[in-house]
Amino acid sequence: MPLIATSRPLPFPANIPSRQGALEFRHIPADALVPEGTPAYVSTAVDPVTAQMIAAFPDSLRLIANFGTGTDNIDLKAARARGITVSNTPVVTEDTADMAFALILAACRKLGENERFLRDGSWDATRPMASMGLRVHGQTLGLIGFSPIAQAVARRARGFDMQIRYWNRTRRPEAEAALGAEYVASPDELVAGSDIVSLHTALVPETRHLIDAARLARFRQGAVMVNTARGPLVDEKALAEALRSGHLAAAGLDVFEAEPTVDPGLLALPNVVLTPHIGSATAACRTDMGRRVIANLLAFLENGAALDPV
Ligand SMILES: NC(=O)c1ccc[n+]([C@@H]2O[C@H](COP(=O)([O-])OP(=O)(O)OC[C@H]3O[C@@H](n4cnc5c(N)ncnc54)[C@H](O)[C@@H]3O)[C@@H](O)[C@H]2O)c1
């Protein structure tokens with residue numbers, strides 16, 4: 001019966017058969033030793049798998065199956081050095097794109113702020129022009145990164161008659177033509193020419209603080225920024241300042257620099273919509289992700305190759 005260590009208790013069914021017998025999932029806390037003989041470790045995107053943990057894994061452990069798409073929680077270099085395969089669950093694209101679009105709409109149309117007015121009894125049909133929301137349809141959408149999620153956002157934006165521009169470290173002519181998107185050569189040029197900017201790059205050392213104070217200064221006056229990718233892509237303190245000064249009209253954030261802590265400066269602002277990293281948090285998507293973790297485990301245990309190696 002293969003023992004599969006997990007970084008937290010996971011609601012997997014008890015009797016998943018494999019050629020080596022039913023899989024037995026057992027939560028092993030980060031500071032405890034994974035037993036010898038364990039072939040795989042399942043992590044979730046919010047549980048760090050550090051170099052120290054990887055060094056302490058038994059020699060039998062050959063696969064880290066991440067329950068999530070982003071693998072920045074795992075020290076990939078340390079895994080590679082020990083010859084451990086890492087897999088992910090790239091089945092969250094459409095749900096996360098829905099979330100990015102929900103944040104675009106919520107930030108531009110001030111959904112959070114307006115709902116708070118209604119709930120606290122301040123319904124006021126005569127509110128001044130300055131408190132009005134921003135138009136979404138027909139605006140210019142700038143995508144930072146042309147990842148699968150970015151392209152799914154672009155498909156939605158077409159239905160809103162938006163002009164789509166993107167910057168990616170590699171130009172993607174085919175996807176660009178299919179989506180009617182315009183390639184822009186630098187992030188600075190992209191933010192300077194977009195009404196709404198949405199972030200979609202992976203978090204790697206080169207993309208940390210891709211959006212810092214200097215780049216925020218290049219955004220259009222009154223622009224909107226949405227981040228459903230990873231918090232550390234943005235210098236949160238600089239973003240809070242840009243929102244406080246009004247240089248940015250609004251933001252929508254699903255991810256944060258030090259989750260689950262949110263910068264108090266952001267919490268204090270009315271013009272930012274904040275959600276607790278729920279890009280993939282639909283019941284259907286989480287079910288798909290769980291199935292994909294199991295499919296990766298079985299493929300690896302039975303055929304020696306994961307379906308979704310990173
Ligand atoms: N909010 C959520 O719940 C949620 C859900 C899924 C994914 N995500 C995040 O969304 C983002 C996009 O995910 P995805 O699956 O579409 O794509 P991905 O994670 O495969 O990222 C690919 C993108 O990152 C860019 N990239 C990689 N290395 C780079 C570098 N050194 N410099 C510049 N760009 C670089 C690539 O060019 C590409 O555009 C990721 O950050 C991912 O972690 C968030």
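I call a residue buried when its relative accessible area is under 20%, exposed when over 50%, and partly exposed in between (1.4 Å probe, protein chains only).

**Ground rules.** I'm working on a predicted model, where local features need pLDDT of at least 70 and side-chain atom pairs count only at pLDDT 80 or more, while totals for chains, interfaces and linings use all residues. Numbering runs from 1 along each chain as its sequence is written, and side-chain values use heavy atoms, with hydrogens and water left out.

**Entry 1: salt bridges overall.** I searched the whole structure and got 18 salt bridges.

**Entry 2: aspartate 263 and lysine 237.** These two side chains form a salt bridge at 2.5 Å, N to O. The pair links distant parts of the chain, 26 residues apart: lysine 237 is in helix H9 (residues 236-245), and aspartate 263 is in the loop between strand E11 (248-253) and helix H10 (264-267). Helices (H or I, at least four residues) and strands (E, at least two) are DSSP runs numbered from the N terminus. Which partner is buried? Aspartate 263 is, at 11% relative accessibility. Lysine 237 counts as exposed at 57%.

**Entry 3: H3 to H5.** Next I looked up arginine 155, which forms a salt bridge with glutamate 94, closest N and O atoms 2.4 Å apart. That pair also links distant parts of the chain, with arginine 155 in helix H5 (residues 148-159) and glutamate 94 in helix H3 (residues 93-108), 61 residues apart. Both ends are partly exposed: arginine 155 has a relative accessible area of 42%, and glutamate 94 has 35%.

Aspartate 98 and arginine 156 make a salt bridge too, at 2.8 Å N to O. Here aspartate 98 sits in H3 and arginine 156 in H5, 58 residues apart. Aspartate 98 is partly exposed at 43%.

What joins Glu94, Asp98, Arg155 and Arg156 into one network? Salt bridges that share partners do.

**Entry 4: H5 itself.** I checked the length of H5: its 12 residues reach 18 Å from first C-alpha to last, close to the 16 Å expected at 1.5 Å a residue. The expected span is 1.5 Å times one less than the number of residues.

Its buried residues are Ile149, Ala150, Gln151, Ala152, Val153, Ala154 and Ala157. They pack (contact: heavy atoms within 4.5 Å) against H3, strand E6 (140-144), strand E7 (163-167) and helix H6 (173-179). Just after H5, I noted that aspartate 161 takes a positive phi of about 55°.

Note on methods:
Salt bridge = Lys/Arg side-chain N within 4 Å of Asp/Glu carboxyl O.
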